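Dear colleague,

Please find below the structure that I am handing over to you. My findings follow directly after it.

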Amino acid sequence: MDSHQLLPLLVLLTIVSCVQMQEYRLPTNVRPSHYRLHLNLTEPTFTNASNAFHGMVIITLSSTELTNTVSLHAHHEFISINLVTLSNTDINETQYSINNDTDILTINLPGQLAAGVSYNLIIDFTGQLSTTEMTGFYKSNYVDALGDTVYLATTQFQPTSARRAFPCFDEPFFKATFDVYLTYPLGLNALSNSPGWVYTSDNVSETTQFNTTAVMSTYLLAFVISNFTCTEGQSIDQVPYRICSREETSDTRQWALDIGPSLLESLNSLTQFNYNVSKEKLDQVAIPDFAAGAMENWGLVTYREMYLLWDPEQSSNSFKQLIANIISHEFAHFWFGNLVTCNWWSETFLNEGFANYYQYHTTHEALPSWELDKQYVVAVLQPILINDGLINAFPLQNNASTPTEVLAMFGQISYSKGGSIFRMVEHFMTTAQFQAGLRNYLALYQYQTVLPEDLWSTLNAVINNQTTQLPATDLGVVMENWVKIPGYPILTVSLSGGHVMISQERFLLAGSDNTSKWYVPISYTTSEDANKFQSTVPNIWLTPDSDLHFDLPINNASWLILNNQQIGYYRVSYSDSLWNSIRDALQTENFDGIIDLNRAQIVDDLFNLARANKIAYSRVFDIISFVSNDTSYYTWVPTINGFNFLLNRIGLNSTLGEAIALDEATGDNKDAHLRDYVRFYQLKLSPFTAVHIQSLMENFYDSVSLIVHDEDDQIYTLSQVLALTTACRLGHQRCIAAVEVLFFIYRNSGLRPNKNLRSIVYCNGLRHSNDQGDWEFLWGEYLNTSLASEQSTILSALGCSRDQELLERLLTLSVTENSGIRSQDALSVFSSVLTGNPGGVDVAFKFLRENHQLIVERYLSMNALPNLINNVANAFTTEEQIEELEEFIENGGLPEEYLPAANSALAAARANQAWLEQFENDLHYFYFAPASGAFSVKASLGLAVLLAVMCRLFVN
Ligand SMILES: *[C@@H]1O[C@H](CO)[C@@H](O)[C@H](O)[C@H]1NC(C)=O
Ligand SMILES: *[C@@H]1O[C@H](CO)[C@@H](O)[C@H](O)[C@H]1NC(C)=O
Ligand SMILES: *[C@@H]1O[C@H](CO)[C@@H](O)[C@H](O)[C@H]1NC(C)=O
Ligand SMILES: *[C@@H]1O[C@H](CO)[C@@H](O)[C@H](O)[C@H]1NC(C)=O
């Protein structure tokens, strides 16, 4: 599954921990081997009239021991059982029941099951399609070209929702084959994992029978019953390949049709296990309502429309890249997840980590000029190092038992940390041995489930001791702490006269942990190396039990940088004198040979060291001043991220009401005075920081152009969007003036901006508009387009308006049925208001306080509210906001179950304030002290810009 907006669920876990302990896992003595499933959906189900369907399942099962009970899953809200029969004997309804907490259906048999004998368990049931949640077997709808609302029935089973469609052993461990029969009204069509053919029909309905599936877990089963049409692409080794969607979108299928075959072929050759061995066809379907990004159902992959359908004229390069990337992710799952499956969701990373890693690797093979191997560092590795630097981060392998805990395993740790760790292992083992090991792993465990130990031991077996020296007896020992404990190390390095000293401790953004240690592969480059940063095999290992001392082969190196290409999953900090040498090297021609990925590493590590209060921001600004001569996309992603974090804390995004702080400062209340002192600096700091970034950015900004479009150059286009988005947001005059013109032309002549600049033009057009008609115009454009990528671009821009009334209206639309905003998109509307502008935070918070009940009902899933409270509190920059949150928690009528989450959000907001106070003096000194460094000079040169920025930020 590609997770889209399934946000981290840390908060929610505190809620469920008070529920009494129950056994949520099935016993393993009784196991299914085959399901024959028949679902019958009639005409009223494809209208508003009914959600019911009739089902019958015959499960062939056997027991490993003598037993008189069978336990399996059936969700109590969606399944009601009519009749249970075992081996032709009806079972009295007093003999079975569903536990409403665990959704385990326990059947007490009149007699005993003998060990090793096959039995048929038959369950006749009535099911309900879900209309509110996009999981299980659910209803989606859209308005067709004639203006009619059309309904379809589709599935999303991963991780624990197959039990909502039919009674089954709904854990990955219980693999079986499936024969599916679907009955539906004439005129529709049905898709499932295997090829199907019409088995019977009458004058109102037909039944499609699907070929028996490969042995697989229940979460991979899927059905789509709709009036969709499909376009057939090039077959891949006799496997027919199709893209299916609502007919109106048929002209946007081409990109997915073109790119799919080369991605699958690349994986066929990587794994040496051809897709056609396990599956006879491959359909990819775009679903109008879809909660995740995409789902790897074997043979029937499902997507959000914007992640599959691409319009060459209208959809941006970043959507093109996302689509290729997500297709690769789902395809990689055919081997890593479908063929070989994690034993239980505690080990979700064995599925998602590989999919995350190979989604970049595979797409890179097909489209090398996109540099996805390099993009991985700034798009995946660096962001997860931030998440994993929190004191409450999950370990990669983590106990999960309830459905809520299971869902939490689909957070970024399983994906991005999993992928980053596999990337590290590949490089320290070498690619050749890693791939050979993976082929053995797939061959050995095909159609089974695995634990991390199975992976490490298979990889370990191919390691050639002559070429690869591990620092421990075997790979399992090396990997244990990377998998079982949270976080990762920061290495501290010093160099004197050719002698190197390296120590490690856990890197935490806040808090401490003196006990966690890892086996760390270390590669490095010195100023004297000819072949700089190219080798990614470790020169040496750091072990958990001791610091490392060694001598460089030459002793006149002026600098030393660890972690070539940022392959290792760790951060690095240097001694003062080594930082000075690195700074000086970065100031020289061609950065003294320090490559872009390592410049990106240095910037990202420095900003996060500062965030963790391990180095002063003024020192960071000093070392990274080279970025003003650097136009590399890779350097600029972490630079902008680092500054954005600081600006968000200082309050670029806070309420414009800050100006009031100046008036209050004349009051003589002592505490208030102190507070105002703090606020006074916040007010001053943000424009200085904004101008600081702009002055550093000038060369980067000038390296891309608003006018030169080169959509064939992916990295140019990504840089262009990054530079312009940032510059316009920070008030860069030339940027704003130019996009205002483009918005004006669009509104008055209908000429749309270049597809790659739309997000910038739409957002800034509204941000700097005083005419509600501009917003109405764009909202009208949203309602008029049926292209999902364009809808998403517009929705994110509508929150950029500074008009409180319009923002409130937008948020209300997000919880209004049939407003044109689907509930799958509600979260992104909320976050566009929250982040679009200074002032948005207060509007979003007010909406949340007044509509928390509606949010629970309309926003995606049950975890939306805690996550939103958390995100809002994280954007707070003033004491008033914090006090309002306190007041809301006390008197806001928030249901009790959400109080722990709200209190933890409150604590986080307080911690953020305290965080900023630590740095105030340092930042104040940097920006205001006379001659406090290189920047003061630039600041005075940029005075005109500064004044302009202050107008933008504080006059409204
Ligand atoms: C499907 O259900 C309808 C309504 O109950 C029934 O008339 C029809 O015979 C069923 N079809 C099949 C194939 O079971
Ligand atoms: C369990 O759920 C079903 C269906 O929602 C309901 O009818 C039943 O009363 C519930 N049982 C208990 C013990 O709560
Ligand atoms: C089921 O069992 C109950 C209690 O033993 C009994 O009263 C009832 O008649 C049985 N029902 C059937 C259909 O056999
Ligand atoms: C159905 O499956 C069988 C056995 O796996 C295979 O030989 C046959 O070709 C499949 N039929 C279709 C239509 O794919």
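In strand β8, the bridge partner of Ile 58 is Ile 122. Helices (H or I, at least four residues) and strands (E, at least two) are DSSP runs, numbered from the N terminus.

Before I continue, a note on conventions: residues are numbered from 1 along each chain as its sequence is written, while chains are lettered from A and ligands numbered from 1 in the order in which they are written. The model is predicted, and local features need pLDDT of at least 70, side-chain atom pairs count only at pLDDT 80 or more, and totals for chains, interfaces and linings use all residues.

Strand β8 (residues 119-128) pairs with β2 (residues 52-63) in the antiparallel sense over 10 bridges; two strands pair if DSSP finds at least two bridges between them. Strand β8 is also joined to β4 (residues 79-86) by seven bridges, again antiparallel, and there Ser 80 stands opposite Thr 126.

The chain is divided into domain 1 (31-310), domain 2 (342-484), domain 3 (489-648) and domain 4 (651-954), with bounds from an automatic or database domain assignment. Between domain 2 and domain 3, the C-alpha centres lie 24 Å apart. Their contact takes 22 residues from domain 2 and 25 residues from domain 3 (C-beta atoms, placed from the backbone, within 7 Å). On the domain 2 side, two or more residues each come from α6 (372-387), α8 (412-429) and α11 (475-484). The largest share, seven residues, comes from α6. By class, this side has 14 nonpolar, six polar and two charged residues.

A further item is an open sheet of four strands in the order β28-β24-β23-β30, with mixed pairing. Its edge strands, β28 (548-551) and β30 (571-574), each pair on one side only. Strand β24 (residues 499-506) pairs with β28 in the antiparallel sense over four bridges, and Ile 502 stands opposite Leu 548 in β28.

With kind regards

Technical notes
Contact = placed C-beta atoms within 7 Å. Nonpolar A, V, L, I, M, F, W, Y, C, P; charged D, E, K, R; others polar.
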